[in-house]
Amino acid sequence: EYQALHTGLEYAQYIADVIEDIHGATPVINFHCDNQAVVRSLKTPDVLPKHLKHTRVKLHAVVDAIRNKSACVTFVPSHEQKSDAFTKQLSRSKTSDCLRHILV
């Protein structure tokens with residue numbers, strides 16, 4: 001989860017820089033995570049688990065973006081993840097539900 005947030009932040013910051021060059025305003029990058037422990041640990045990085053020593057350097061970039069208010073990480077329950085339509089095999093009803101929310 002931490003690695004995915006870091007990689008997503010890198011890509012999103014590049015796109016935000018392009019948008020800033022075009023429009024002059026920097027958008028806030030919103031991330032939706034289905035892991036409550038990750039969301040909590042990003043909001044209180046001083047209490048990070050000890051087993052994350054190897055990811056701390058990349059994690060600081062995400063924490064700094066959250067502190068600077070250029071990024072926001074919010075919890076979304078797994079059953080409400082709309083990106084599942086692109087990444088998982090779903091039932092027909094779940095796929096149509098996800099696509100309906102994405103295409104709105």
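Colleague: Which are the buried residues of helix α2, residues 36-43?

Modeller: In this predicted model, the buried residues of α2 are Val38, Val39, Ser41 and Leu42, where buried means under 20% relative accessible area, exposed means over 50%, and partly exposed covers what lies in between, computed with a 1.4 Å probe on protein chains only. The helix itself is a DSSP run, as are the others: helices are H or I runs of at least four residues, strands are E runs of at least two, and both are numbered from the N terminus.

Colleague: What conventions lie behind the numbering and the values?

Modeller: Residues are numbered from 1 along each chain as its sequence is written, and side-chain values use heavy atoms, with hydrogens and water left out. Because the model is predicted, local features need pLDDT of at least 70 and side-chain atom pairs count only at pLDDT 80 or more, whereas totals for chains, interfaces and linings use all residues.

Colleague: Where is confidence lowest in the chain, and where is it highest?

Modeller: Confidence, expressed as pLDDT for each residue on a scale from 0 to 100, is lowest in helix α4 (residues 84-87), at a mean of 68, and highest in β2, at 89. The mean over the chain is 80, and 83% of the residues reach 70 or more. Where pLDDT is low, the predicted coordinates should not be read in detail.

Colleague: What pattern does the chain follow, read along the sequence?

Modeller: The chain has five helices and two strands, and they follow the pattern α-β-α-α-β-α-α.

Colleague: How do β1 and β2 pair, and what makes this a pair?

Modeller: They run in the parallel sense and share five bridges; since DSSP needs to find at least two bridges between two strands for them to pair, β1 and β2 qualify. Within this pairing, histidine 32 stands opposite threonine 74 in β2.

Colleague: Which residues have the most contacts inside the largest nonpolar core?

Modeller: They are Leu9, Ile29, Phe31, Leu42 and Val73, in a core of 18 residues. The elements giving two or more residues to this core are α1 (2-23), β1 (29-33), α2, α3 (56-67) and β2 (71-75). The term covers buried Ala, Val, Leu, Ile, Met, Phe, Trp, Tyr and Cys residues joined through side-chain atoms within 4.5 Å.

Colleague: With which residues is leucine 9 in contact, leaving aside its neighbours within four places in sequence?

Modeller: With contact taken as heavy atoms within 4.5 Å, leucine 9 is in contact with Ile29, Phe31, Ala61, Val62, Ala65 and Ala71.

Colleague: Why does histidine 6 count as buried?

Modeller: Its relative accessibility is 10%, which falls under the limit for that class, so histidine 6 counts as buried. Histidine 6 lies in helix α1 and, leaving aside its neighbours within four places in sequence, is in contact with Lys58, Ala61 and Val62.

Colleague: Why does serine 41 count as buried, and which backbone oxygen lies 3.0 Å from a polar atom of its side chain?

Modeller: Serine 41 has a relative accessibility of 8% and therefore counts as buried. The backbone oxygen is that of valine 38, and the distance meets the limit for a polar contact: a pair of N or O atoms within 3.5 Å, of which, within protein, one must be able to donate a hydrogen and the other to accept it, while residues adjacent in sequence count only if both atoms are side-chain atoms.

Colleague: What caps the N-terminal end of α2?

Modeller: Asparagine 35 does, with a side-chain oxygen 3.0 Å from the backbone nitrogen of alanine 37.

Colleague: How many disulfides does a search of the whole structure find?

Modeller: The search finds zero, a disulfide being a pair of cysteine sulfur atoms within 2.5 Å. Cysteine 33, at 3% relative accessibility, therefore counts as buried, whereas cysteine 72, at 29%, counts as partly exposed.

Colleague: What is the phi of lysine 69, and where is its place?

Modeller: Phi is near 65°, a positive value in a residue other than glycine, and lysine 69 sits in the loop between α3 and β2. At 66% relative accessibility, lysine 69 counts as exposed.

How values were computed: pLDDT is the predictor's confidence in each residue, from 0 to 100.
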